[in-house]
Amino acid sequence: MSDKKTFYITTPIYYPSDNLHIGHAYTTVAADTMTRYKKMRGFDAYFLTGSDEHGQKIQRRAAAAGKSEIEFVDEIIANFKQLWKVLLIENDDFIRTTEPRHQQVCQELFQKIYDQGDIYKSEYEGWYCTSCETFFTELQLAEGHTCPDCGKSVEKAKEESYFFKMGKYADRWLKFIEDNPDFIRPESRRNEMVNFVKQGLDDLCVSRTTFDWGIPVPFDQKHVIYVWFDALINYYSALKGTGDGSLADKYWPADVHLVGKDIIRFHTIIWPIMLMAAGLPLPQCVLGHGWVLTGDAKMSKSRGNVVDPLLLCDRYGVDAVRYFLMREMPYGLDCNFTEELMALRINTDLANDYGNLLSRITGMIDKFQGGVVIAPSDKTEFDDELIELAQATPQRFAELMDIMEWSNALIELWKLVGKANKYIDDTAPWALNKNGESGKLAAVLYNIVEVLRLVTVMASPVMPSLAPRVWKQLNISERAELHSWDSLSWGLYPAGTKIDRGEPLFPRIDMEAIQAAAHEDAAAAAAEAEAAAAAMAVIEPIAAECGIEDFEKLDLRVVQVLECEKIEKSDKLLKFVVDLGVERRVVVSGIAKYYQPEQLLGKKLVLIANLKPIKLRGVESHGMLLSAGNEQRGFTVMPAPDVPCGSRIL
């Protein structure tokens, strides 16, 4: 172990979303697992998570909901905290970028970098993705002038802005990465970032004037600090802005920023260069993990593939969900999620291998030894191999945990579980009992109990509520000295202890029921697609002829969707806030059965702009969005993304 006895780990501060899914859960569970492990190893570990609450997107969504920005985010943050509570997350702090402690530190760093000449005023003209809160050059855009990260439409932006001299630090950054190759992990992400910087770094736009939901630039109040410059500072402000700021002296620089691969560029290029400019030490490591996929796609509400971790915890138990996440994500790679895969992993590793091992051994101790674990007085030919593996496993497990290869660490640990199950088959304790070989029988039963104790200690950071249930069955709940990392020496379980056999830890899941449900879902989806295709083949009769003068009465305009939400107590209606170029309008459209609101954010649509206003479910609608289709399927009319808002359709 390192001589350093503090450990500071962070997750990204999550964007306020009512769409928390198992992908969000992975990052936070991983950070919590690492924190628990480090504390078990004697480290003074500190775990930060939180929420990123500023930016144009939040302001628009709050306005559409008829709420202030802080009211809007307050409600969503409560959902975050509830999920972390269910997942047994024990973070030491939860930072919100709307807190005064963060704002003060953010403004101080912005002022410092400005005072030394690394921030200057100019004008920004380019493309901006509101969804990702990110600027892009023309060359960086995806096909159809869409965001290369999320695929949504981007907006042309031109405004007075302040810029950060990123390019000035490019060579220094490259030298730092060369000297600190483990700063970006895994290696594939490091290579990607190095290649990105070698192509040249543009200066970064770090302020906005077209909205005001953000931290004001300290020396120019009409500007707010760009959300990514603001948000990244949380890792430092949570320490520096708390109390007398001594937490920063104690824990900074961070040991690990744990982030998803989609935001690694911000954390490994922009953030380190900000710290260089501010004269602050850089973190030890940024680990960019993969995504939890369903099929080949990243989870998102717009794709309809979101998996709710609360439902999974309720169905399978928190320990099982946490184990699946930590076991299934290979280091540096994506992992695939289906409920069938989760059920199979739970049955194989937890119910069959681990849970059944405890159930079998406590059953035999009850049956053969009156429920008492007896000290060995003899040995079998298989004992040495099992004990040797049990003694070697803690070091192997620790080596992998220390480098955050959690899946491989669990694979290594479960080798010992598998060996213990084979050991029972090899030694056949039922035969030893029948033959009166009580000394060997005692050795076999004791050895398995001790293996279970060691495995449970090591597994406890991943499955924190598991250990108390096992200690109760092994009757060592009050023996805290047997639960610690320092207790991972062979032979410490107290002989003569009477066990307290309990219910199975992980009941087997009915795989046939899971598979049947999956087949039903697939069949329903196929039937829906087939019905939709058949319905689209039915073309309604063309209406009676009209003169060109009738058509010219309609004023058709291109608009862009700024906000979109479902109207309460209606299955059909969506409420839009659209940009008409010279004004914003509220429009109600009956297309809720065909689209999720998130699918339409940023899209260019066609509006009949000169219709008389009409009230629908209490909302006054100023116009009508053009759409096509029938009862089974529909779609909106979308012009090319680069057509300016307000353009008339001729």
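What order do the six strands of the open sheet have, and what kind of pairing?

Guide: This is a predicted model, in which local features need pLDDT of at least 70 and side-chain atom pairs count only at pLDDT 80 or more, while totals for chains, interfaces and linings use all residues. Residues are numbered from 1 along each chain as its sequence is written, and side-chain values use heavy atoms, leaving out hydrogens and water.

The six strands of the open sheet have the order 3-2-1-12-13-7, and the pairing is parallel. Strands are DSSP runs of E with at least two residues, helices are runs of H or I with at least four, and both are numbered from the N terminus. Two strands pair if DSSP finds at least two bridges between them. At the edges are strand 3 (93–96) and strand 7 (184–185), each of which pairs on one side only.

Within the sheet, strand 1 (residues 6–14) runs parallel to strand 12 (residues 256–260), and two bridges join them. Thr10 stands opposite His257 of strand 12. Helix 1 (residues 22–40) lies across strand 1, strand 2 (44–51), strand 12 and strand 13 (286–289); contact here means heavy atoms within 4.5 Å. The helix runs at about 170° to strand 1, on a scale from 0 to 180 degrees between N-to-C directions, with axes fitted to C-alpha atoms, for helices over the stretch in contact.

Buried means under 20% relative accessible area, exposed means over 50%, and partly exposed lies in between, with a 1.4 Å probe and protein chains only. Another cysteine, Cys645, counts as partly exposed at 23%. The whole structure has zero disulfides, a disulfide being a pair of cysteine sulfur atoms within 2.5 Å.

Helix 13 (residues 339–369) has a kink of about 40° centred on Asn356; the bend at a residue is the angle between axes fitted to the seven residues ending there and the seven starting there. Gly370 follows helix 13 and has a positive phi, near 65°.

As for the chain, it has 21 helices and 25 strands, and 54% of its 650 residues count as buried. Of the contacts with a separation of 6 or more, 75% are between residues 24 or more positions apart.
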